[in-house]
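Subject: Structure handover

Hello,

Here are the sequence and the structure for your files. My notes on them follow below.

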2 protein chains.
Amino acid sequence: MVGALEHDIREKFRRSGYTLTSQRRAVLDALKDFKGHPSAEEVYLFVKKRNPKVALGTVYQALSVLEEIGLIEAKRWSETPVRYDLNTNPHHDIRCTKCGEVAEIPGIELEDFALRIRENTPYEVTNACLVIEGICPGCQAAS
Amino acid sequence: MVGALEHDIREKFRRSGYTLTSQRRAVLDALKDFKGHPSAEEVYLFVKKRNPKVALGTVYQALSVLEEIGLIEAKRWSETPVRYDLNTNPHHDIRCTKCGEVAEIPGIELEDFALRIRENTPYEVTNACLVIEGICPGCQAAS
DNA sequence: ACTTTTTTCAGGAATGGTTATTAATGCAAG
DNA sequence: CTTGCATTAATAACCATTCCTGAAAAAAGT
């Protein structure tokens, strides 16, 4: 699992032409260790623990590169700061608009959906992402 | 068509408890007349033509209310300013990340998808929106 | 191993979309 | 009329993100 991921990382960097620097590696590690979906600033704080020299701007740039080459996924929920997720297995997340908790939604296949999109548009699809928001059971009970 | 829309507008305002003010009406009109998917600022400029007194903040607030009661839809593409669309018939848009052009994708049904989401999560789903980006045929040819 | 060239990084300042604040306005009910 | 409450205008503040600079590191060439 880790080996495959490792191979995938190297492969995607090689094909993109970007170099796998220690900073970009550190951002990936932070996303792997972080439970949940950190914002850029949370990633920054995480990375900083091990390497206090990194700057916030570097994290932004690293995240941007990692998203571009498809190693991570950006979740743009309506709440502002963009949140990031390791792009391992395709899955969908739902986010509670009240407490912010994020949960996965099983049983939704993205493949056929992406395929249908490609069939119905002449565009070259580079990114398809489902943004789902709702109210978690806890917050439903509280209200 | 217009009558039905008109009825829908009044109905959604009535149920929400918000009042249908002239400013909110003007924002709706701007979205109806505007070809494409304007940003908040573009809506503001459009509204300002007829009523120069409106403030940008008012437009933001109106858009927020209209989105909350389901009359309009916010498109959060990766490019920053949020873009808005009249929420008439459910459809999906794809946006070219190079030139910014937006096109509709026919043949994609959201209903069964939304249903599957509801079946697979205990969350009360309030918002489900598909963000799709790609490269338009023109930009593909240019590159 | 050295030099050159290119890419990346750190630090901090600047940008710009969005929100918050506050006082004024308008509308609706009593 | 006037009292109360939602909405608005105007402006200031916020804050996530980007831009910019010189420095450092890495890659490529000698």
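Predicted model: local features only at pLDDT ≥ 70, side-chain atom pairs only at ≥ 80, totals over all residues.

Helix pair in chain B

The angle at which α2(B) packs with helix α3 (residues 40-50) of chain B is about 110 degrees, and their axes lie 9 Å apart. α2(B) and α3(B) are therefore roughly perpendicular to each other. Their crossing is right-handed. On the α2(B) side the contact is made by B:A26, B:V27, B:A30 and B:L31, and on the α3(B) side by B:V43, B:F46, B:V47 and B:R50. By class, this contact of α2(B) with α3(B) consists of 7 nonpolar residues and 1 charged residue, with no polar ones.

Chain A

Chain A contains 6 helices and 5 strands. Along the sequence, the elements of chain A run α-α-α-α-β-β-β-β-α-β-α. The C-alpha trace of chain A spans about 45 × 40 × 30 Å along its principal axes. Chain A has 143 residues, of which 25% count as buried. Among the contacts in chain A with a separation of 6 or more, 52% are between residues 24 or more positions apart.

DNA strand C

There are 20 residues around DNA strand C, and those that come nearest are A:T21, A:A55, A:G57, A:T58 and B:G57. Two or more residues of this surface come from each of α2 (22-33) and α4 of chain A and α4 of chain B. α4(A) gives the most, with 4 residues.

DNA strand D

DNA strand D is surrounded by 24 residues, the closest being A:G57, A:V82, B:T21, B:Q23 and B:T58. Four elements each supply at least two residues of the surface near DNA strand D: α3 (40-50) and α4 (56-68) of chain A, and α2 (22-33) and α4 (56-68) of chain B. The largest share, 5 residues, comes from α4(B). By class, the residues near DNA strand D are 10 nonpolar, 11 polar and 3 charged.

To tie the parts together: α2(B), which packs with α3(B) at about 110 degrees, is also among the elements that supply at least two residues of the surface near DNA strand D. A:G57 is listed among the nearest residues for DNA strand C and among the closest for DNA strand D.

Regards

Note on methods: Residues numbered from 1 in each chain as written. Chains lettered and ligands numbered in written order. Near = placed C-beta within 6 Å. Nonpolar A, V, L, I, M, F, W, Y, C, P; charged D, E, K, R; others polar. Buried ≥ 20, exposed ≤ 12 C-beta atoms within 10 Å, placed from the backbone. Contact = placed C-beta atoms within 7 Å. Axes fitted to C-alpha atoms, helices over the stretch in contact; angles between N-to-C directions. Parallel < 35°, antiparallel > 145°, perpendicular 65-115°, else oblique. Left-handed = near helix turned anticlockwise from the far one by under 90°.
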